[in-house]
Amino acid sequence: MDDTLGFFREIVDPNFNDFYWDFQSDEVCDRGKLTRVFRKMVNLSLTLNHQADKVAHKLNYPSANVLIGEISRHYPAEGAALNAVRAFSNDVKHRAKLNSNFTTRKRNELDQPTVGEDLPEWYYTYNGQKVAVCDSSIDAYLFWGKWFAGERKELKENT
């Protein structure tokens, strides 16, 4: 699939829905849920990272890393989420170097539902800061949705 929007609609979007509703489910965060959510988070991260590769190519950036740097200039929080997904995805694909761990977190006003069982979260440490992979995956997905909807107009073709 060479079309960036087609890849988003046909691959990333279904992966996101599969991940998100299992992640947000109000079931006890036991070994089964942890395994399912982790597997789906990895799948989503890999496809989100590939989405960045495809868009970088389409917009004539030398790499997704350079594209994410440009996104970060205009949309710092979303750029950080894309970079977190990129780092996690590359760590999964290659020899793991990130200091990763797992925990649960309380639900907040952005979760659906906002009350219920705690949610799983995987973290890695980067420059002394904890980076939440599940939340970053959600934010990265939302960025691409906004970009395709024309809501992230500052991101232009590299000339």
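Me: Ala, Val, Leu, Ile, Met, Phe, Trp, Tyr, Cys and Pro count as nonpolar, Asp, Glu, Lys and Arg as charged, and the others, Gly among them, as polar. By class, what does the lining of the largest pocket have?

Reply: Five nonpolar, two polar and four charged residues. The model is predicted: local features need pLDDT of at least 70 and side-chain atom pairs 80 or more, while totals for chains, interfaces and linings use all residues. Numbering runs from 1 along each chain as its sequence is written, and side-chain values use heavy atoms, without hydrogens or water.

Me: Which residues line that pocket?

Reply: Y20, F23, Q24, R105, N108, L110, D111, D135, I138, D139 and L142. A pocket is an open set of 1 Å grid points where a 1.4 Å probe fits, with protein on both sides within 12 Å along at least five of seven lines; lining residues have an atom within 4 Å of a point.

Me: Which helix gives the largest share of the lining?

Reply: α5, with four residues. Both α1 (4-23) and α5 (133-148) supply at least two. Helices are DSSP runs (H or I, at least four residues), numbered from the N terminus.

Me: New topic. Where is R152?

Reply: In the segment after α5.

Me: Why does R152 count as buried?

Reply: Because its relative accessibility is 17%, and buried means under 20% (1.4 Å probe, protein chains only).

Me: What does the R152 side chain join up with?

Reply: The side chain of E78, through a polar contact of 2.9 Å. Such a contact pairs N or O atoms within 3.5 Å, one able to donate a hydrogen and the other to accept it.

Me: And how far is D3 from K58?

Reply: Their C-alpha atoms are separated by 8.8 Å, though they sit 55 residues apart along the chain. D3 lies in the segment before α1.

Conventions
Buried < 20%, exposed > 50% of the residue type's maximum accessible area, 1.4 Å probe, protein only.
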